[in-house]
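The following paragraphs lead through the packing of side chains in one protein model. Please keep the sequence and the coordinates in view while reading.

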Amino acid sequence: MTQRAFSRRRVLALSLATLLPAPMLRAESAKVPRSHGPRSMQIVRYGGGEAPGTIVISNAERVLLRVLPGGKAERYTVSIGREGFSWTGTTYVGRKEEWPGWRPPSEMRQRDPSLPGYVPPGPYNPLGARAIYLYRGGQDTLYRIHGTNSAGTVGGYETSGCFRLSNADVLDLFGKVATGTKVIVR
């Protein structure tokens, strides 16, 4: 069995395990089992002409910028689409969700039939702690800006077109981004 197939089966098994009742834990014994990953946000100079609040994603640099007033931006490290899955264009934030569930799109399931039909919220969900849903023309593009529970994958060419941040970074960004925010992908 390949590492990739093993990982998919582990995600499915652990996701299904979250549906089973768990024994009650005393509050003082419950601990967070993992960190939310590293924080990459830095304030940088920004010379583009976009309005403050706009999100600009660079596929070439694998960064997400949130434009600030005064020629500055917040810069986050992101994973982008692997070969054949990167895209460019202008979208907007259509909705936001905390600890989202995930339904792989039908195209993704056709490419990989071993994917589950649904992964509930939790530590094995590939959307991580937060998801920002990208829309165009009133329609969900099926692309997301989202966290990950596998922080070591951030910064590479890892996704099927979404933009992946560490959970620590997406938790920070999520609270600063409003529905309707313009998102430019270059």
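Trp87 and Phe163 are both buried, where buried denotes under 20% relative accessible area, exposed over 50% and partly exposed the range in between (1.4 Å probe, protein chains only). The model is predicted: local features need pLDDT of at least 70, side-chain atom pairs count only at pLDDT 80 or more, and totals for chains, interfaces and linings use all residues. Residues are numbered from 1 along each chain as its sequence is written, and side-chain values use heavy atoms, with hydrogens and water left out.

Trp87 and Phe163 belong, with Tyr143, to one aromatic cluster. The structure holds three aromatic pairs; rings of Phe, Tyr and Trp (its six-membered ring) pair if their centres lie within 6.5 Å, and planes under 30 degrees apart count as stacked, over 60 as edge-to-face and the rest as tilted. The Trp87 and Tyr143 pair is stacked, because the ring centres are 4.7 Å apart and the planes stand at 20°. This pair ties together parts 56 residues apart in sequence, since Trp87 lies in the loop between strand S5 (80-81) and strand S6 (89-98) and Tyr143 in strand S8. Helices (H or I, at least four residues) and strands (E, at least two) are DSSP runs, numbered from the N terminus. Trp87 has 12% relative accessibility and therefore counts as buried, whereas Tyr143, at 25%, counts as partly exposed. The pair of Trp87 and Phe163 is tilted, with 5.6 Å centre to centre and 55° between the planes. Phe163 lies in strand S10 (residues 163-164), 76 residues from Trp87.

Phe163 also has a place in the largest nonpolar core, which has 19 residues. Such a core is a set of buried Ala, Val, Leu, Ile, Met, Phe, Trp, Tyr and Cys residues joined through side-chain atoms within 4.5 Å. Ile57, Leu64, Ile145, Phe163, Leu173 and Val183 have the most contacts inside this core. Strand S2 (55-58), strand S7 (130-136), helix H3 (167-174) and strand S11 (182-185) each supply at least two of its residues, and H3 gives the largest share, three residues. Apart from this core lies another, of eight residues, including Trp102 and Leu127.

His146, in strand S8 (residues 139-146), counts as buried because its relative accessibility is 5%. Beyond neighbours within four places in sequence, His146 is in contact (heavy atoms within 4.5 Å) with residues including Leu127, Arg130 and Phe163.
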